[in-house]
Amino acid sequence: MSVASYGARHVQAFLGALGRLARNPLASILTLLVVALALALPMSLKLFVTNARVATGDFTNAVDLSVYLKTDVALSKAEQLAASARARPGVADVTLIPADKALEEFRTYSGFGAALEVLEQNPLPHVLQVHPAPDASSTASVESLRRYFAAWPEVELVQIDSDWVMRFNAILDVLRTVLVIAAALLGMGVLAVVGNTIRLEILNRRAEIEVTKLVGGSNGFVRRPFLYTGMLYGLGGALLAWGIVAVTVVVLARPVATLASLYGSHYSLTGLGMEDAAILLAGGAVLGWLGAWISASRHLSSIEPRA
Amino acid sequence: MIVFDRVAKRYPNGREALAGVSFRVDPGEMVFLTGKSGAGKSTVLKLIALLERPTRGTVLINGRNTSTLKARHIPAFRRHIGVVFQDHKLLADRPVYDNVALPLVVSDTPLREIDKRVRAALDQVGLLGKERMSPLELSVGEQQRVGIARAVVSKPPLLIADEPTGNLDPDLALEVMRLFKRFQEVGVTVVIATHDVHLVREFGQRAITIENGQVHGGTGADALPSLVATR
């Protein structure tokens, strides 16, 4: 058997599989849809995690320290403290937020303006916003800065602003694990759906399989078109899933932009990259092929010619 | 070419189709298998085409023992045997050409070679020009000839037929039998199961008669057991 004729056989099996899908469009479309949904779901989740990571990427370097002074510390003392903080090595910049200004901002943005009127005196302390130097931004250096400021007698509390970023990243890690589990389960779903479709097709073509085996067709030969059919289901489903995700990104773009602008960000949604698309298509094709292979191996050997 | 040595076949349902059948068919011979329906003719053919394996005894086809042939070698084994059925087993959803080409396609024959051989086979059965027709558009006799073309297209050394004339009127039956005779004349071993004793008599070929799972005459080998033992 020459390589050319071997290739020709495969092209023939491929075209035959394509032709059969086209001849039975309704059943094919239903299977494709189920495969597409099963693939689109983990892909959307992956996109969500990726986007959340990109959106918060700007903040992962936010290692500012908020140094809350005691409420009885006077503004002049606070200014002195700010100056000495600025002199400390590893500190790039210090911004003093006076209690009055903080209250003003709080009144404007919190919506508690009316309630604040009731207060006789400002409950807010002066705050030093300490921005560490780039070479002192590591967790250990920031922690040593925190301890340094916490030891000052005028200081009530030192908060590291990156705490919430770390928590958020932990949440993303959980989501990523969920993503892997969902992808595995839905992948098995694709195997089952393609496998079942192939099983029905094998039963439908029983006579043809019997005759083919009768004239000396090997199990491999009989299986070949079914493997192509399964691969086409997987590939087609993956293409459809790609479309679904792309449309979702387009639909979400405007609300996400609005949401981002509310947070003063110019963040925009990232769609599927070329690498993601390649993984999606290859994964779909492999799953479809595998589902067909499992099904064909189980059901083809039971069909033997009877005279 | 074919040696049956004390072959017995019992089906899973308990029916004993053959009870110790021995006969031989030499290469290039044309032999009829006769007997009433249910006598075991079809079982003999199934054992030859390896659709069944014997319960006891030995079946040698072209020197190969079918009992010891591994499952993965069965497809290659079947490619050396052309089989014709009473109901011809054509695929109705494919044109005549594709039906005839199937044995060549499964053996990965080059396309150019397939084209040449399919046309030659259709020419031999007198159906050249009907390649693109559906089997359903053909008459019963023509369908049977398509089945024969499919059986001979890969030039197998052995051709077996199960009641190939069962659905045909006498004229068509005679025509189909003459076709088989022509293949025998070019060296193909032909075994035809039929209950049509008139046809058998007309052709004057050896006939192996099977009754109640036993051979009654025409075995073609009196010293058979020793023959098998020496292999």
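Hi everyone, let me start with the two domains of chain A: the C-alpha centres of domain 1 and domain 2 of chain A lie 53 Å apart. Before I go on, please keep in mind that this is a predicted model. In the domain assignment of chain A, domain 1 is made of residues 3-59 together with 166-300, while domain 2 covers 65-161.

Let's stay in chain A and look at two of its helices. Helix 9 runs over residues 219-262, and helix 10 takes in residues 274-300. How do these helices meet? Their axes come within 7 Å and cross at roughly 145°, and helix 9 of chain A passes helix 10 of chain A in a right-handed crossing. If we sort the residues of that contact by class, we find 22 nonpolar, 9 polar and 1 charged.

Now for helix 10 of chain A by itself. It has 27 residues, and at 1.5 Å a residue it should span 39 Å; the end C-alpha atoms are 38 Å apart, so the two values agree. Which residues are buried in this helix? Among them are Leu280(A), Gly284(A), Leu287(A), Gly288(A) and Trp289(A). Further along, Gly291(A), Ala292(A), Ser295(A), Ala296(A) and His299(A) are buried too.

Back to helix 9, where I'd like to point out Ala253(A), which has its place in that helix of chain A. Is Ala253(A) buried or partly exposed? Ala253(A) has 13 other C-beta atoms within 10 Å, so it counts as partly exposed. Leaving aside residues up to four places away in sequence, Ala253(A) touches Ser268(A) and Leu269(A). For a sense of scale, Ala253(A) and Ala22(A) are 231 residues apart in sequence, and their C-alpha atoms are 35 Å apart in space.

Between helix 9 and helix 10 of chain A there is a loop, and His266(A) sits in it. His266(A) is exposed, because 7 other C-beta atoms lie within 10 Å of its own, and the cut-off for exposed is 12 or fewer.

Let's move over to chain B. Here the assignment gives domain 1 as 1-62 plus 157-231, and domain 2 as 87-156. The C-alpha centres of these two domains of chain B lie 25 Å apart. How many residues are in contact between them? Domain 1 of chain B brings 10 residues, and domain 2 of chain B brings 8 residues. On the domain 1 side, strand 7 (158-162) and helix 6 (170-185) of chain B are the elements that give two or more residues. Helix 6 of chain B has the largest share of that side, with 4 residues. By class, the domain 1 side has 9 nonpolar, 1 polar and no charged residues.

A residue to look at in chain B is Arg150(B), in helix 5, which runs over residues 140-152. Arg150(B) is buried, because 30 other C-beta atoms lie within 10 Å, and the cut-off for buried is 20 or more. Not counting residues up to four places away in sequence, Arg150(B) touches Asn99(B), Val100(B), Leu102(B) and Pro103(B). His195(B) is 45 residues from Arg150(B) in sequence, and 23 Å away in space, C-alpha to C-alpha.

There are also two backbone details in chain B. Asn62(B) has a positive phi of about 55° although it is not a glycine. You'll find Asn62(B) in the loop between strand 4 (56-61) and strand 5 (64-65) of chain B, and with 14 C-beta neighbours inside 10 Å it counts as partly exposed. Asp108(B) is not a glycine either, and has a positive phi of about 55°. Asp108(B) is in the loop between helix 3 and helix 4 (111-124) of chain B, and it counts as partly exposed, with 15 C-beta neighbours inside 10 Å.

Finally, how do the chains touch? The contact takes 20 residues from chain B and 19 residues from chain A. On the chain B side, helix 1 (41-48), helix 2 (74-78) and helix 3 (96-106) each supply at least two residues. That side of chain B divides into 12 nonpolar, 2 polar and 6 charged residues.

Methods:
Residues are numbered from 1 along each chain as its sequence is written. Chains are lettered from A and ligands numbered from 1 in the order in which they are written. This is a predicted model: local features need pLDDT of at least 70, side-chain atom pairs count only at pLDDT 80 or more; totals for chains, interfaces and linings use all residues. Two residues are in contact if their C-beta atoms, placed from the backbone, lie within 7 Å. Ala, Val, Leu, Ile, Met, Phe, Trp, Tyr, Cys and Pro count as nonpolar, Asp, Glu, Lys and Arg as charged, and the others, Gly among them, as polar. Domain bounds come from an automatic or database domain assignment. Axes are lines fitted to C-alpha atoms, for helices over the stretch in contact, and angles run from 0 to 180 degrees between N-to-C directions. A crossing is left-handed if the near helix is turned anticlockwise from the far one by less than a right angle, and right-handed if clockwise. The expected span of a helix is 1.5 Å times one less than its number of residues.
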